[in-house]
Amino acid sequence: MFDRRLIQNFDWILLCLVLILAGLGILNLYSASSGFKIGGVPIYLKQIYWLSLGIPALLVMLIFDYHQLERAAYLLFALGLVLLILVLFSGRAVSGAQRWLDLGVFSFQPSELVKLFVLAALARYFSRRDYPEGLRLRDLAVPMLLAGLPFLLILKQPDLGTALHLAIVCLSVILFLRVRWDALLILSSGVAAALPFIWSLLKAYQKQRIMTFLNPAKDPQGAGYHIIQSKIAVGSGQTWGKGFMKGTQSHLRFLPEQHTDFAFSVFAEEWGFVGAFVLLGLFFLFMIWGLRIVSRSQDRFGALLGVSLVLLIFWQVFFNLCMVIGLMPVVGIPLPFISYGGSSLVTIFIAIGLLLNISMRRFMFQK
């Protein structure tokens with residue numbers, strides 16, 4: 001029999017925030033992509049198609065009790081590794097990167113979904129252990145393996161942005177549980193020692209992006225062009241912006257990747273500081289509301305999974321914004337809900353569905 005408390009505990013505010021952000025993203029893509037198409041279909045329509053897959057995916061996440069995900073977490077993690085290996089051998093290559101599996105009707109980027117599988121596996125691992133004095137180095141062996149294997153496979157594609165995103169989210173979850181100072185010192189030293197190896201895995205264009213970040217003016221017509229044009233677009237919006245469909249940097253095609261990595265630059269140019277402030281305010285409210293769900297969760301797995309999902313979206317927003325205003329290298333991370341990207345959008349909606357699932361079932365553990 002259907003439990004009416006599931007409806008009573010449904011978080012309508014979170015869902016409204018998500019739909020408002022997705023609606024703003026469609027409007028922004030309509031402006032950013034006016035004048036060009038991909039595969040004969042306007043970009044904003046393709047995003048609506050992906051949205052029509054994301055919303056059912058969100059609803060599917062509400063049907064089952066999220067504790068079933070706890071039981072299946074390691075199996076999903078193994079499935080994620082298989083998908084990443086499959087990409088390396090038979091994935092579709094675009095612009096030198098082999099990241100997509102061709103499913104006939106559409107292409108799918110498994111690394112986006114794998115991020116959720118890794119976070120579920122970490123949540124299961126940590127939910128069954130207690131660390132009253134903080135995590136020791138030996139406590140980190142299995143979590144580092146859970147995060148490290150997909151990290152290396154994604155880096156091999158190569159997809160530096162997604163790999164770094166996954167690594168930072170996993171590290172944040174571990175720090176959230178509190179790590180002992182001696183373990184943290186050894187861990188930091190290990191990461192520093194691994195940097196030359198990671199650098200050796202990067203493609204030449206990725207190294208060029210990092211070098212350009214340090215000095216964009218060195219090659220303004222080449223590697224530094226993206227970030228220079230992005231900063232011009234953001235700055236030219238000034239207080240109130242140039243108006244919807246009136247952004248010159250995007251409509252005169254000065255701004256590259258204006259529908260993906262630099263979608264926020266289009267938004268800031270057309271809506272100005274005020275519009276950007278409102279958009280960031282919506283993201284901030286979304287994060288606070290997500291943490292509210294985490295704080296009200298009645299079990300350890302739900303709390304850990306919830307905070308992991310909030311961190312996943314927080315770091316994606318943070319990286320993209322830092323990227324478009326020149327505070328970090330261009331590593332190809334889309335802005336959730338705003339940038340075009342089917343796999344990313346569907347994955348975000350699955351994450352939102354899991355957050356809503358945790359919120360809906362919190363009463364199950366109340367006495």
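Q: What do a helix and an axis mean here?
A: Helices (H or I, at least four residues) are DSSP runs, numbered from the N terminus. Axes are lines fitted to C-alpha atoms, for helices over the stretch in contact, and angles run from 0 to 180 degrees between N-to-C directions. This is a predicted model, where local features need pLDDT of at least 70, side-chain atom pairs count only at pLDDT 80 or more, and totals for chains, interfaces and linings use all residues. Residues are numbered from 1 along each chain as its sequence is written, and side-chain values use heavy atoms, with hydrogens and water left out.

Q: How do helices H13 and H14 pack?
A: Helix H13 (residues 300–324) and helix H14 (residues 342–360) pack at about 145°, with axes 10 Å apart. Their contact has 10 nonpolar, four polar and no charged residues. Ala, Val, Leu, Ile, Met, Phe, Trp, Tyr, Cys and Pro count as nonpolar, Asp, Glu, Lys and Arg as charged, and the others, Gly among them, as polar.

Q: What makes Tyr 30 and Tyr 44 an edge-to-face pair?
A: Rings of Phe, Tyr and Trp (its six-membered ring) pair if their centres lie within 6.5 Å; planes under 30 degrees apart are stacked, over 60 edge-to-face, the rest tilted. Here the centres are 4.8 Å apart and the planes at 80°, so the pair is edge-to-face.

Q: Why is Tyr 30 called partly exposed?
A: Buried means under 20% relative accessible area, exposed over 50%, partly exposed in between (1.4 Å probe, protein chains only). Tyr 30 has 36%, so it counts as partly exposed. Tyr 44, at 23%, is also partly exposed.

Q: How do you know that Arg 129 sits over the ring of Tyr 125?
A: The rule asks for NZ of Lys or CZ of Arg within 6 Å of the ring centre and within 35 degrees of the ring normal. The charged end of Arg 129 is 3.8 Å from the centre of the Tyr 125 ring.

Note on methods
Helices (H or I, at least four residues) and strands (E, at least two) are DSSP runs, numbered from the N terminus.
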